[in-house]
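Welcome, and please take a moment to turn the model around before reading on. The paragraphs below will lead you through it one part at a time.

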Amino acid sequence: MNSKFKKDYYRMTGEEWDFLKGGALQMLCGHRLRYMYHFRKAQSATNYPAFLYRRIKMFMLSRKYGLEIHLYAQIGEGFAIFHPYNITINPDAIIGKNCNISKGVTIGMDMRGKRRGAPTIGDKVYTGINSTIVGKVKIGNDVLIAPNTFVNCDVPSHSIILGNPC
């Protein structure tokens with residue numbers, strides 16, 4: 001079992017991964033766990049057939065649940081998805097350790113101006129429902145992004161962000 005996935009599992013369930021004590025059952029019933037399992041496996045695949053299989057599996061789960069988390073996005077361990085629907089993460093995004101993502105979150109790229117690029121998000125960042133982070137912005141560690149917030153500027157560590165724009 002992938003060590004990153006074990007930390008993701010712990011953050012999403014509050015329990016250590018144990019196949020015999022219900023870990024497999026939660027993976028079958030919980031689509032956010034199933035998606036993250038296949039995401040981590042596809043990222044760590046070393047041979048082409050395994051990568052292709054995982055990619056096809058992720059494509060099917062993505063279409064079913066509306067999750068668009070690109071394989072090339074750099075996501076740290078302990079990533080937790082809550083209410084996993086309509087989430088979009090750009091392939092160039094960098095997300096730190098122990099971050100939470102909620103329903104409707106978009107982490108996207110800006111295609112023009114001085115903020116052309118994708119966001120870099122620090123450790124322990126909570127992103128509320130329907131929040132949008134766009135452009136080459138840096139979000140520090142231990143930040144709370146409130147629901148329905150549009151972030152298009154740099155955010156220092158230990159902050160609470162709300163409003164439109166932030």
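Let us begin with a pair of charged side chains: Glu 77 and Lys 7 meet in a salt bridge, with 3.2 Å from N to O. The term salt bridge stands for a side-chain nitrogen of Lys or Arg within 4 Å of a carboxyl oxygen of Asp or Glu. Side chains of opposite charge can pair when their charged atoms come close. Glu 77 sits in the loop between strand 2 (74–75) and strand 3 (80–81), while Lys 7 belongs to helix 1, so this pair ties together parts that are 70 residues apart in sequence. The structure holds 1 salt bridge. Lys 7 has a relative accessible area of 39%, which makes it partly exposed; here buried means under 20% relative accessible area, exposed means over 50%, and partly exposed is in between (1.4 Å probe, protein chains only).

A word on what you are looking at: this is a predicted model, in which local features need pLDDT of at least 70 and side-chain atom pairs count only at pLDDT 80 or more, while totals for chains, interfaces and linings use all residues. Residues are numbered from 1 along each chain as its sequence is written, and side-chain values use heavy atoms, with hydrogens and water left out.

Now step back to the whole protein, which has 4 helices and 14 strands. Both are DSSP runs numbered from the N terminus: helices are H or I with at least four residues, and strands are E with at least two. Of the 166 residues, 45% are buried. The accessible surface comes to about 9000 Å², and carbon and sulfur atoms account for 54% of that; the areas come from the Shrake-Rupley method with a 1.4 Å probe, and for residues only the protein chains shown count as cover.

Lys 6 is also a part of helix 1 (residues 3–13). Its relative accessibility of 36% counts as partly exposed. Tyr 37 is 31 residues away from Lys 6 along the chain, yet their C-alpha atoms are separated by 9.0 Å.

Next, follow helix 4 (residues 48–65). Its 18 residues should span 26 Å at 1.5 Å a residue, and the end C-alpha atoms are 25 Å apart, which agrees; the expected span is 1.5 Å times one less than the number of residues. Which residues of helix 4 are buried? They are Arg 54, Met 58, Leu 61, Ser 62 and Tyr 65. These cover an arc of only 105° around the axis, which puts them on the same side of helix 4; the arc is that of the directions from the helix axis to the C-beta atoms. The buried residues pack against helix 3 (31–44) and strand 1 (67–69), where contact means heavy atoms within 4.5 Å. On the face turned away from that buried side are the exposed residues Tyr 48, Pro 49, Arg 63 and Lys 64. After helix 4 comes Gly 66, whose phi is positive, near 75°.

Finally, look at two loops. Most residues other than glycine have a negative phi. Asn 130, although not a glycine, has a positive phi of about 60°, and its place is in the loop between strand 9 (126–127) and strand 10 (132–134). Asp 142 is not a glycine either, and its phi is positive at about 55°; you will find Asp 142 in the loop between strand 11 (138–139) and strand 12 (144–145).
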